[in-house]
Structures are given as C-alpha cells and as structure tokens.
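User: I am new to this structure. Please show it to me, and then let us go through it in short questions.

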Amino acid sequence: AEQYPSDPEEAFINTGLCWFDMESLNFYLKKQREEKRVPERVRFQESEGKAEIIPTSSGELRIWERPKEGHHYAIAADIATGRGDDFSAAYVISLDTMKWVGEYHASIDPDLYAVHLYYIGRFYNDAWIAPEMGGGFGEPVVNSLRDGRGIRPPYRNLYRHLVGARVDRKEHATYGYPMTERTRGQALKVMESFLRERAFEWMPPDLIAEMRTFVSQRRGPSPRAQDGCNDDRVMAAGIACV
C-alpha cells in the first residue's frame, strides 16, 4: 500500500513506529471522509455567571452532536501551559451511546480553560468533568471548578479518582485524573484496544491525525508524539476511554 497507494490514506508514510493500529486508523479516516460530518464551531461568552453560545468559525469547541434530554455526558480534559505550541484539549463523550459528541482545542491559560470547561459541562447536562492532574498545570483548573470563582458556583460534577488499593491504607479520592506513568499507560492501552476492536462508531479527524504521529520512542516517555507533532488530543481521548 505504501508503494502503490489507492487513496491518500494509504499514501501516508509514517516512521514505521506508529503505536496505534494504522489499518484501523485508516478505516476510521475513510469512514469520516465518506460521511462528511461537519461540526458546529462555537465559543462561550460569559456574562454575570451565565454564558452565551456564539457560533464562529474560530470557535474552540466543535460540536458533533448537541446534548439530548435525559442523556449523560463526560468530559476528559488534557491541560497545557497555554503558551507557544502547547495546546489544551478536551473530548465530550455520551455515556449512553459512547459517541464522541464534542471536541475542544485551544492554546489557552489554565484559569480561562476552567471557565470554558465549566460552561461546556453545564451545556452537556452537567457532564462529569475529569481534568488531567499532572505536571502542575491541572491544579488551577481543578481548584477553579471545585471552589467556584466570583458569582460562578462550584462545579457539581467534578471527577474524583479513587486511590488506595493496598489493604494497609485507607481509600481516598483526589480531584481530577492523576496522570502518572502507570495511569498514562492504562489510558493509552484502553484506547488502543477500543481502536483495534473498532468499538468506536466513528472518530474525529483531528484525533486520527494525532494518533497517526503518536509513536514509540527509544528515549523519554514512550509512546508519545513524534518530533514536531502534538499529542494533546490523544491524551484527552485516552482519559475519556477510561
């Protein structure tokens, strides 16, 4: 397929070390291209503790499916510094259908990211929000959602991660999803399994693009984005899968 490609997906040549199953990634990319799903792009504009949805082509939130009455949703958020080429990303999934229904992507300061997550969560029927806790960037987001800010009350459905599997220690729950070497590996393995089994109905194209350049490395954290690429969408999607 690399030597005599029949379509653009087969023409893609990676380093040969892609961590995800390329055949399954191409399957979902072809599916997306055939179905031609086009999302709404919006941003939230806050005013006096409420937010208005503003349609705009530069909106940070892509809506693939609006919330449905009686449905339950969850949001998994990868948190970055908000500087340079570092992006924060989040995925909204339906807990009733396991569909990807929303995607957030922006270079944004963590405190403002918390505001956006708050209103995205409220929009999706008070969805559970699971912010990544790792590297120190997640604390401003978790603190803002947990405690509230100004006239914005504390967020009621903030994910808490249960810790304490040892019999000699009491169980306790920490806010957010703790991103350690072990939990990172778990999230990626679950997502890889879902992909290989083609358990997803479909996948967002920008997520597929990042997964195609997510590779095994000899040095540093592995697997991770190959040099010059990003993996913020991959990590957010991984948290969503667990």
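Analyst: Contact here means heavy atoms within 4.5 Å. Helices (H or I, at least four residues) and strands (E, at least two) are DSSP runs, numbered from the N terminus. This is a predicted model: local features need pLDDT of at least 70, side-chain atom pairs count only at pLDDT 80 or more, and totals for chains, interfaces and linings use all residues. Residues are numbered from 1 along each chain as its sequence is written, and side-chain values use heavy atoms, with hydrogens and water left out.

User: How many helices and strands does the protein have?

Analyst: The elements are DSSP runs. The secondary structure comes to seven helices and 12 strands.

User: Which residues of H7 does H5 meet?

Analyst: H5 covers residues 181-196 and H7 covers residues 232-241. From H5 come Arg-184, Ala-187, Leu-188, Val-190, Met-191 and Phe-194. In H7 they meet Val-234, Met-235, Ala-237, Gly-238, Ile-239 and Cys-241.

User: How are H5 and H7 oriented to each other?

Analyst: Axes are lines fitted to C-alpha atoms, for helices over the stretch in contact, and angles run from 0 to 180 degrees between N-to-C directions. The axes of H5 and H7 lie 8 Å apart, at an angle of about 80°. Angles under 35 degrees count as roughly parallel, over 145 as roughly antiparallel, 65 to 115 as roughly perpendicular and the rest as oblique. H5 and H7 are therefore roughly perpendicular.

User: Is H7 mostly covered or uncovered?

Analyst: Buried means under 20% relative accessible area, exposed over 50%, and partly exposed in between (1.4 Å probe, protein chains only). In H7, 10 of its 10 residues are buried. H7 is mostly covered.

User: Where is Met-98, and is it buried or partly exposed?

Analyst: Phi of Met-98 is near 60°, a positive value in a residue other than glycine. Met-98 sits in the loop between E5 and E6. With a relative accessible area of 45%, Met-98 is partly exposed.
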